[in-house]
Each structure stands twice: as C-alpha cells, then as structure tokens.
Number of protein chains: 2
Amino acid sequence: MPVHRRQHERSCYFAAVPAALDTVPAEPGTIDGVRRLLGLAPGQDATPDAGTKGGRTREAILAAGVALACRTGLGGLTIGALAADVGMSKSGMFAHFGSKEALQLAVVEAAAREFATEVVVPALHAPRGEPRVLALLEGWLECGLLRRPGGCLIVKASAELDEQPGPVRDRLRDLHLELAGAIARIFAGGVAEGHFRPDADSGQFAVDLHAVMLGFYHQHRMLGDPRAADRARAAVAALLAAARTTSGEAR
Amino acid sequence: MPVHRRQHERSCYFAAVPAALDTVPAEPGTIDGVRRLLGLAPGQDATPDAGTKGGRTREAILAAGVALACRTGLGGLTIGALAADVGMSKSGMFAHFGSKEALQLAVVEAAAREFATEVVVPALHAPRGEPRVLALLEGWLECGLLRRPGGCLIVKASAELDEQPGPVRDRLRDLHLELAGAIARIFAGGVAEGHFRPDADSGQFAVDLHAVMLGFYHQHRMLGDPRAADRARAAVAALLAAARTTSGEAR
C-alpha cells in the first residue's frame, strides 16, 4: 500500500516532529510514548538546543556517528574514529562529548529519534487500526531497504550489546521497551476500531512484529534476498489474519 | 514438549555427530544438509584431525573463541585477545591460525558445528513432521536460554557483519543459507506426513522461524523478558496453525 509520508530532510527532524504530533488523531498515550522515543519529556516538542548553531553542528556529528556505528558497531564508535570520519580534531570531538560512552549514548539517542521520526510518526498519520499497522510496516521496510542508519543501528546494537552491561545497554533496552509499547498501542487501536478480535494480544503482536523486522533485516542485509520485504509482508499478513479470525485457534 | 536430546560434552561433538546421523529416519537431503552445516563433505563423518591431540587443543581454543566472540563480537576476536583469554602466548596462537581472519573463520565454523550438533541433529531424532519442527524449536530455545555460545554467535554475528564484506561475512551467509535449507526440509517433512497443507510454503516457514528466534534472543537477552520463550512458542503455534488450516487466508 502507498504510505503517506512527509518528506523532510534528516537535518530538520527536530522541527518536523511537533507539527507531526499536532495533527495526529492518535489513541491516548501514543503521543507521549512517541515523545519518549524521541527523547522528549511529555508535552515537550523540541530538544532545548534545537535550532542553535551548536545544536545543528552536534546534530550533523551525531548523524555521522549513527552512520559509522551502523557500519562498524557501537564498539567501533570512538571519539578518535568519529573525529577522523567527519574531519574534526580529536580534541574538538572530545569537547562535544567528553567520553566514548557519552558519545555512544548520544548516538543511540539520535538513532532512536531518526527511527521514530522517519518510521513511527509518519505511520500515526494513517487511519487508526489496520491501516496504521500496515503504514508502520511499510515505513519500517522502506527504512531497511534504503539502509537508513537510524533503523539499522537500533536493530544491530541490540545484538551487539546484549552481553555488555552498562549505561548504553540500559538506554537501548529502555528505548526498545518504548518502541514495543508504541507498537502495542498502534495494534490496540485496531482492536478499538473492531479490525481485530477483542482478545487479540497487543503485547504478543509487538514481539511478533519486531521479530518479523529482525528477520527482514537479516534476509535483506545478510542474505541479499530480493524477496525479503515480501517475506515480511506475508508474515505480517498471517499475523493480522490470525488477529481477525474468531476461531481462537492460533492464540 | 520434552525433547529427546543426547547429553554429550561440548568437547566431543565431532564424535557425536556420525552416530546421530546414522540413526536418523530423515527425509532425503537432510543428512547431507546437516553435514554441510557441520563443515563436512557429503558422506564425510568427521573432520580429518578429529581425535588427535593437536585437533583437541585446537577444538578447545575454538570453544573459547566462540565464547569470547559471543561476548565482544567477532570484531573483538583478535589473535592477541584470544591468546590472553586462554592463557597462551600470542605467537603460539598465531602458529595455530596465522591471521585474525583465519581465526574468525574457524570460530564461525566452530559455532555452526556447535549449533548443528546441539540443536539441529537432536531434532532429527524426533518423528518427522510437526514433532520434529517442535523439537527444533525447543532445542533452539534451550540453546538460547542456557546462553550456549555457538547459537548466540550465529545469531549475533549476522547483525555485526552484514555491512562488512569479506570471507567471514561470505561464510556466515552460506551457513545461514544452509540453515534455512535445513529448516525448510524439516518443515517439508510435515507436508509429506500430511501434518501441513500441501501448498504450505516451506521457504516462508524457514524465514518466519528464524525471525521468531531472532525476536526470542532479543526478548531474552536484551530485554530480560521472562516470557520470551513462551512468546516464541505462541508465535510458532500460530505459524503451524496457519499451515494446518485449509482456508488459505494467511498465505
């Protein structure tokens, strides 16, 4: 299905978010959930330094950091490596972030904002229920097919960090819990609209959809399978068919 | 369901495989597919140096390498890091492998052998069809719940290497194609037994099951979800319910 997506530059995603949120006819809780995914407090619509020259420089550095971490893993994202990548002095990069861990945390945050802005928020413009679930799927597939770094990093960093305790892992875990919550609320909108059975399990759907997307990234990126997106669409079609049925056999 | 698993030590998995393969009432093609997963040629039942002292030393080093790579990623698996980990001199380790890339290749191979021996081969002892699919699922879940390094590495290394061209990525891709083929053949046995619809798509099932397991590793390892295994079981139950139905709605 064609997806209603607002075309916005990577560099203005802070600015695009409040306008997107204002016009969303979403179920209660979704907007603040998306704000949390974006690193904003409930009711807050932009980070404090958005729009300043320093804020824009930092944003450009973070975009390069997301892309570098997507290629090398978060473990390869050091102050020195990113400084070399963007042509900045190591001391200049250090002045921006102060430590490798602070840099990694900022890059994880930027990846989550990019993913929320490019995948989750546009889906909220589709009608509530099954159309919104499918818009989320198509936006996520597009993010993967175009190898957008934010989505890539959110997917990859989980596998990389799951045995490396610390603040970066903790933050990534919290972001994934927020994302799962947002998916569950979007699916629950379909229950409220009568598209899915009243007893359809929105928490299970969130786990299932995330699994389908992990499988899609594997098929597309590791195996180079030209049918990767269609495999994912077939898997989600089966999940939604099971949610629509009244036999209760599957769950 | 309880799974029939032969208890064997990690260190004797080379020896366990031929005996396991001899007694399997499997569909044609499965055994050689499993041999390829194990890095053996068709008809071959053990690696050339299995059982020698040098072979056993190398095997012990590789087991440590799989565990190290599971914690730090394949990128962190250097001659020096593994030498320090097993208390061997760097030059001694170099004599065994010759290069970081050769070490990484050998470790990927060892992880695949471990996964095939501990998850795939035991499942082949279950009756063909749905019981064998469920045995594969339970063995895979057990591998993840017990954090066995081989399964962990096969899952994680794909996300790590998908944008890093080279022989290690190529070998990992080939192993994943073999694994997908083995899953598809195990599912196809259920079509042959009449457990699943004749038009059930075994290639789609292989993609779907792998996705469920990627999701399980994420739920279990990153999120620490105590329901992770039950979420995966529910997802596979839904896949099998759709394969049994004759409505044809889902696929």
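Biologist: Where is B:Arg147 found in chain B?

Modeller: Helices are DSSP runs of H or I with at least four residues, strands are runs of E with at least two, and both are numbered from the N terminus. B:Arg147 is found in chain B, in the loop between α7 and α8.

Biologist: What sort of model is this, and which pLDDT do local features need?

Modeller: Residues are numbered from 1 along each chain as its sequence is written, while chains are lettered from A and ligands numbered from 1 in the order in which they are written. The model is predicted: totals for chains, interfaces and linings use all residues, side-chain atom pairs count only at pLDDT 80 or more, and local features need pLDDT of at least 70.

Biologist: What is phi for B:Arg147?

Modeller: Most residues other than glycine have a negative phi. B:Arg147 is not a glycine, yet its phi is positive, at about 50°.

Biologist: Is B:Arg147 buried, exposed or partly exposed?

Modeller: Count the other C-beta atoms, placed from the backbone, within 10 Å of its own: 20 or more means buried, 12 or fewer exposed, and in between partly exposed. B:Arg147 has 15 such atoms, so it is partly exposed.

Biologist: What is phi for A:Arg147?

Modeller: A:Arg147 sits in the loop between α7 (130-145) and α8 of chain A. With 15 C-beta neighbours inside 10 Å, it counts as partly exposed. Its phi is also positive, near 55°.

Biologist: How many helices and strands are in chain A?

Modeller: Read along the sequence, chain A follows the pattern α-α-α-α-α-α-α-α-α-α-α. The count for chain A is eleven helices and zero strands.

Biologist: What span should helix α8 of chain A have, and how far apart are its end C-alpha atoms?

Modeller: The expected span is 1.5 Å times one less than the number of residues. Helix α8 (residues 149-161) of chain A has 13 residues, so it should span 18 Å; this agrees with the separation of its end C-alpha atoms, 17 Å.

Biologist: How many residues of α8(A) are buried?

Modeller: The rest of the structure largely encloses α8(A), because the buried count is 13 of the 13 residues.

In chain A overall, which has 251 residues, the share that counts as buried is 49%.

Biologist: Which residues does B:Leu145 contact, leaving aside neighbours within four places in sequence?

Modeller: B:Leu145 lies in helix α7 (residues 130-145) of chain B. It counts as partly exposed, with 13 C-beta neighbours inside 10 Å. Contact means that the C-beta atoms of two residues, placed from the backbone, lie within 7 Å. Its partners on that basis are B:His220 and B:Ala229.

Biologist: How are α6(B) and α9(B) oriented to each other?

Modeller: Axes are lines fitted to C-alpha atoms, for helices over the stretch in contact, and angles run from 0 to 180 degrees between N-to-C directions. Helix α6 (residues 100-123) and helix α9 (residues 167-192) of chain B pack at about 10°, with axes 10 Å apart. Under 35 degrees counts as roughly parallel, over 145 as roughly antiparallel, 65 to 115 as roughly perpendicular and the rest as oblique. The two helices, α6(B) and α9(B), are therefore roughly parallel.

Biologist: How do the residues of the contact of α6(B) with α9(B) divide?

Modeller: The contact includes B:Leu105 and B:Val108 of α6(B), and B:Leu172 and B:Leu175 of α9(B). Ala, Val, Leu, Ile, Met, Phe, Trp, Tyr, Cys and Pro count as nonpolar, Asp, Glu, Lys and Arg as charged, and the others, Gly among them, as polar. The contact residues divide into eleven nonpolar, one polar and two charged.

Biologist: Which element gives the most to the side of chain B that touches chain A?

Modeller: The contact takes 38 residues from chain B and 38 residues from chain A. Elements of chain B that give two or more residues include α3 (53-72), α10 (202-222) and α11 (228-244). With twelve residues, the element that gives the most is α10(B).

Biologist: What kind of axis relates the two copies?

Modeller: Copies are superposed by least squares on the C-alpha atoms of residues with pLDDT of at least 70 in both. A rotation of 180° with 0.0 Å of shift along its axis superposes chain B on chain A, with RMSD 0.0 Å. The copies are thus related as by a two-fold rotation axis.

Biologist: Which residue of chain B comes closest to the rotation axis?

Modeller: Distance to the axis is taken here at the C-alpha. At 2.5 Å, the closest residue of chain B is B:Ala211.
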